[in-house]
Every structure is written in structure tokens, then in C-alpha cells.
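Biologist: I would like to learn how to read a model from its computed features. Could we go through it one feature at a time?

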Amino acid sequence: MQLHELEPGLWVAPALSVSDLDDLAKRGVKALICNRRPGEAEDHDAQALAARAAILGMRWRAIPVAPGEYDEEDVAAFAEALRELPRPLVAFCRTGRRAVHLWAQAQSREPDCDLPALLAAARAAGHDPEPIRALIDR
């Protein structure tokens with residue numbers, strides 16, 4: 001399991017398995033944001049993940065989006081999750097890209113956003129923010 005820190009208390013990860021949640025709980029993770037769509041792949045069982053998260057005392061938030069198809073409602077839901085969920089938290093999808101892009105769009109709307117730091121964090125997590133650059137350069 002690969003974790004990349006985007007900001008203090010927020011990590012992004014590629015696809016998680018139920019067994020990964022045990023490791024995350026040991027690391028003190030308190031919440032998860034899932035950006036995968038139900039049934040998008042055979043290796044993804046959102047119900048099993050959500051059930052295991054609950055057993056481990058982690059909060060679960062599903063904001064399912066298709067790759068490259070995020071609308072304002074999705075970005076607003078991600079921003080709300082960032083405000084409401086306890087930290088540390090992990091956002092994930094198949095590769096981490098959707099989670100990074102939703103985070104970048106949500107954070108870019110904050111008045112105190114440090115855009116160069118945001119772009120650097122996205123790149124350090126292994127995801128190119130250029131495809132959404134017009135959406136975050138506001």
C-alpha cells in the first residue's frame with residue numbers, strides 16, 4: 001500500500017483492500033474517502049470496505065466519480081468531507097488520481113490556498129495536476 005501526504009493529516013492512496021484498512025487503523029487513520037464507483041472493478045467491494053472501516057472505528061465517506069468526470073457537486077462534497085471528517089484521513093481511488101484532482105480543486109477554492117504548494121504536493125504524490133490546471137487557476 002502506497003500513501004502520499006497531500007497536506008498534514010491527509011494522505012492519498014491507490015486502491016485499498018479490506019486488509020489494508022487494518023494497517024491504516026494501526027497508523028491511526030480515523031476516516032476514509034472513497035472516490036471509486038460501485039462495481040468499477042472486480043477488486044473493489046465498497047460494502048466490504050465500509051463494513052471493515054466501521055468495525056475499526058473509521059468514518060467512511062463515498063464520493064464516487066468516474067475518471068476525469070468531476071463536477072462542482074463532487075468537488076463541494078470532497079471539500080465538505082475534508083472539513084467534517086477527523087484526521088488523519090486517507091482518500092483513495094484506483095490510482096489515487098481522482099482523489100488528488102478532487103482535493104486540488106477543493107483546496108484551490110479556499111481563500112488562503114497556496115497554489116504552488118498545492119501543485120507541488122500533487123506532483124509529489126505522483127499525479128500530474130495539468131489536466132485540471134484551468135479548474136484550479138481561479
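Modeller: Start with helix H5 (115-124), whose buried residues are Leu118, Leu119, Ala121 and Ala122. Buried is under 20% relative accessible area, exposed is over 50% and partly exposed is in between, with a 1.4 Å probe and protein chains only. Helices (H or I, at least four residues) and strands (E, at least two) are DSSP runs, numbered from the N terminus. The model is predicted, so local features need pLDDT of at least 70 and side-chain atom pairs pLDDT 80 or more, while totals for chains, interfaces and linings use all residues. Residues are numbered from 1 along each chain as its sequence is written, and side-chain values use heavy atoms, without hydrogens and water.

Biologist: Why do the buried residues of H5 line one face of the helix?

Modeller: An α-helix has 3.6 residues a turn, so residues three or four places apart point the same way. In H5 the buried residues fall within an arc of 160° seen down the axis, so they line one face; the arc is that of the directions from the helix axis to the C-beta atoms. Pro116 and Ala124 are exposed on the other side of H5. Just after the helix, Gly126 has a positive phi of about 90°.

Biologist: Which residues touch the most other members in the largest nonpolar core?

Modeller: A nonpolar core is a set of buried Ala, Val, Leu, Ile, Met, Phe, Trp, Tyr and Cys residues joined through side-chain atoms within 4.5 Å. The largest one here has 28 residues, and Leu6, Leu10, Ile33, Phe78, Leu82 and Trp103 touch the most other members. Two or more residues come from each of strand E2 (10-13), strand E3 (31-34), helix H3 (72-84), strand E5 (89-92), helix H4 (97-108) and helix H5 (115-124). H4 gives the most to this core, six residues. Another core lies apart from it, with 13 residues that include Ala13, Leu21, Leu32 and Phe92.

Biologist: What is Leu82 in contact with?

Modeller: Neighbours within four places in sequence aside, Leu82 contacts Leu10, Ile33, Arg87, Trp103, Ala106 and Gln107.

Biologist: How is a pocket read, and which residues line the largest pocket?

Modeller: On a 1 Å grid over the protein atoms alone, a pocket is an open set of points where a 1.4 Å probe fits, with protein on both sides within 12 Å along at least five of seven lines; lining residues have an atom within 4 Å of a point. The largest pocket has a volume of about 160 Å³. Its lining consists of Leu6, Glu7, Trp103, Gln107, Glu110, Asp112, Cys113, Asp114, Ala117, Leu118 and Ala121. Strand E1 (4-7), H4 and H5 each supply at least two lining residues, and the largest share, three residues, comes from H5.

Biologist: Where are the loop residues Arg109 and Ala15 found?

Modeller: Arg109 is in the loop between H4 and H5 and is partly exposed, with a relative accessible area of 29%. Arg109 and Ile136 are 27 residues apart in sequence and 7.5 Å apart in space, C-alpha to C-alpha. Ala15 lies in the loop between E2 and helix H1 (18-26) and is partly exposed at 28% relative accessibility. Not counting residues up to four places away in sequence, Ala15 touches Asp20, Arg36, Asp43, Phe92, Cys93 and Arg94.

Biologist: Which peptide bond is cis?

Modeller: The bond from Arg87 to Pro88 is cis, with omega near 5°. Pro88 is in the loop between H3 and E5.

Conventions:
Contact means heavy atoms within 4.5 Å. Grid points are joined across faces, edges and corners, and a volume is the space filled by probe spheres set on the points.
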